[in-house]
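Please consult the sequence and the structure shown below while reading.

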Amino acid sequence: MMPYINDSTGKANTNEPTRNTSEWTVQDSAQLYGTSHWGAGYFDVSDNGDAVVTVDFNGSGKQVSVPIIDIVKGMQERGLEMPAVLRIENLLDHRIKQLNEAFARAIKECGYRNHYRGVFPIKVNQQCHVIEEIATFGGSFHHGLEAGSKAELIIALSQLKDHDSFIVCNGYKDAEFIELGLYAKQMGIRTFFVVETPAELPIIIKQSQALGIEPLIGVRIRLSVAVEGHWEQDSGDRSIFGLSTAALLDIVEQLKAANMLHCLQLLHCHIGSQIPNIRNIRSGVLEACRYYSGLVAEGAPMGFLDMGGGLAVDYEGSCSNSTHSMNYQLDEYCVDIVETIRENLDPLNIEHPVIITESGRATVAYSSMLLFNILDVRDHKPTNLPESLPENSHEQLQNLWYVKDNVQVKKLQESYNDCLYYRDEVRELFRRGQINLRERALAENIALAIFEEIALLLPQVERFPSELENLPTLLSDIYYGNFSLFQSLPDIWAIDQTFPIMPIHRLDEEPTREAILADITCDCDGKIDQFTTPDGVRSTLPLHPLRANEEYYLGVFLVGAYQETLGDLHNLFGDTNVVSVRVNLDGSYSFVREFHGDSIADVLSYVEYDPKSMQEQLRRNAEAAVREGKITVTMRQQILKAFRESLQGYTYFER
Ligand SMILES: *Cc1c(COP(=O)(O)O)cnc(C)c1O
């Protein structure tokens, strides 16, 4: 007999703690996965159980929802297999619009006498299509770009078309970098060089004199406010970026000496990324205002105050100051910045500067999701447990069997202890050669049945024995996903980031399994076993049992920031397929861009292999095998063909 319990409906259940599935609603799924908390109105669950992306068509007052699974089917029809990154262009546009409109509202409300100009930091998502969309759509808001390297400046120069947008250049700048930036300014785009170290300034002065182009200069200061969240250690005095106050004054002196103080127009600070606590932002702005007014007093014209990035994304949907969340809304963020600047500069009669921010994460996170299928599941269920023990079973097996038949709510800890004890005895007997492979397998199965039953009864006990707390996790399934954590979700591995994860279909069914996720890199770090929900962190994710001959798809959401660019080639899993979709007002959607991910030949060439010479090497080996009579000429041809086709194939699991 399998262990069983009577559930609340009085029906005997053989193995799963399911309630009556028909009671399960799509609202239950939305609640369970927290969609309404982290989805920001973009993601939800439809009445027939699909995850949908919702686009708000402003002006028409119309919202259009598209099931993500429909887009997946469309991708497959176009030969774009899983895993894939799906980008929704409309969401990117909407974020830029929201950011700009929120600042415009705050400026109006606070009676602020200047405007806002956003710049998107290219490093957060350098993908050509993302930058093109930001430059094109952002043009109507004069939304510019921030470049931290020469390569990024080249991107900015070629993409920006609107001449009221800014380019802000951060990072270490050599003469070539500065030359390019000066040309950009000469062509009519306001391009600021933000000086990060005093060593940069002489190069800027020299280049601008040589070309006869006056630079726009900014200074990056190191604020002393410490910021909560993941980057706490790097903020404040220990920040590796920015000028100390003494170095700042040195810059002012150098500029005065070169007769260029009038070029100093921008103050820049970036107190950190994903700042969960609004109070840190307010303190940062306050300190920045002190520096700003100090520079005005030194005689610099100023006019631009750049507060950097840091606007957070509520990955867990808890609206709190925990690392993956934020305790404020966009409007509050804007009002806090605008109001703090006004309050601090008004008493000094300093004109209100143009406000710049460099929001990266908050601009692009929502627009991308990673989609993948599940390849396999390893469950920890007993298999083929017999009705009764075979005759003459070893004494310790009989003891285990007895434990199994006598699990009771009142004695869970005792059953657990006994089970572990007898199971270990059996393992010892196996090591000594006193029981065989089949007996050991039987013992492991009985033990699993006992654990499972204990886990089922656990909710009924008043005080949870602490030793048993991990039992549900230990018994959870492993769902093997067709993706590489290192390539597609590097921050999960690198900084314990969490992202919302949920199935994109079957949400009208109760997910009856508890699972952790493993990727296909066969690296023990390639797993996900932390899931944030609005109620806190859980170590397992509820999922549906797989169905025969049917794919099961999961989505990892809010991955548009940093994930696409920081990924690596661990185990030589390459870039995934990428699709950009635009949802139309009539409810249809268009595949605006498709990129096929890396082929095996591509990733091999990244690590300096030459696929052509590899083919030649194989040809020689195969020819030698023909000569030695190991294979026929026909087989030689088959081998070469299979090799060639593999080289052209996708690096991920292909069905
Ligand atoms: C990384 C970075 C940003 C982007 O920060 P987010 O928190 O993603 O908005 C902005 N400015 C600078 C200088 C940066 O280094």
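In which crossing, left-handed or right-handed, does helix 14 pass helix 15? The crossing of helix 14 with helix 15 is left-handed. The model is predicted, and the points below are grouped by topic.

**Packing of helices 14 and 15**

- Helix 14 covers residues 412–431 and helix 15 covers residues 437–457.
- The two helices pack at an angle of about 165°, and their axes lie 10 Å apart.
- Because of this angle, helix 14 is roughly antiparallel to helix 15.
- On the side of helix 14, the residues in contact include Leu-412, Tyr-416, Cys-419, Arg-423 and Phe-430.
- Their counterparts in helix 15 include Leu-437, Arg-440, Glu-444, Phe-451 and Leu-457.
- By class, the contact between helix 14 and helix 15 comprises 13 nonpolar, one polar and four charged residues.

**Cysteines**

- The count of disulfides is zero, with a disulfide taken as a pair of cysteine sulfur atoms within 2.5 Å.
- Cys-110 is in no disulfide, as the nearest cysteine sulfur, in Cys-334, is 9.9 Å away.
- Cys-110 is buried, its relative accessible area being 12%.
- For Cys-128, the closest cysteine sulfur is that of Cys-169, at 19 Å, which is too far for a bond.
- Cys-128 counts as partly exposed because its relative accessibility is 43%.

Definitions and conventions
Residues are numbered from 1 along each chain as its sequence is written. This is a predicted model: local features need pLDDT of at least 70, side-chain atom pairs count only at pLDDT 80 or more; totals for chains, interfaces and linings use all residues. Side-chain values use heavy atoms; hydrogens and water are left out. Axes are lines fitted to C-alpha atoms, for helices over the stretch in contact, and angles run from 0 to 180 degrees between N-to-C directions. Helices (H or I, at least four residues) and strands (E, at least two) are DSSP runs, numbered from the N terminus. Angles under 35 degrees count as roughly parallel, over 145 as roughly antiparallel, 65 to 115 as roughly perpendicular and the rest as oblique. A crossing is left-handed if the near helix is turned anticlockwise from the far one by less than a right angle, and right-handed if clockwise. Contact means heavy atoms within 4.5 Å. Ala, Val, Leu, Ile, Met, Phe, Trp, Tyr, Cys and Pro count as nonpolar, Asp, Glu, Lys and Arg as charged, and the others, Gly among them, as polar. Buried means under 20% relative accessible area, exposed over 50%, partly exposed in between (1.4 Å probe, protein chains only).
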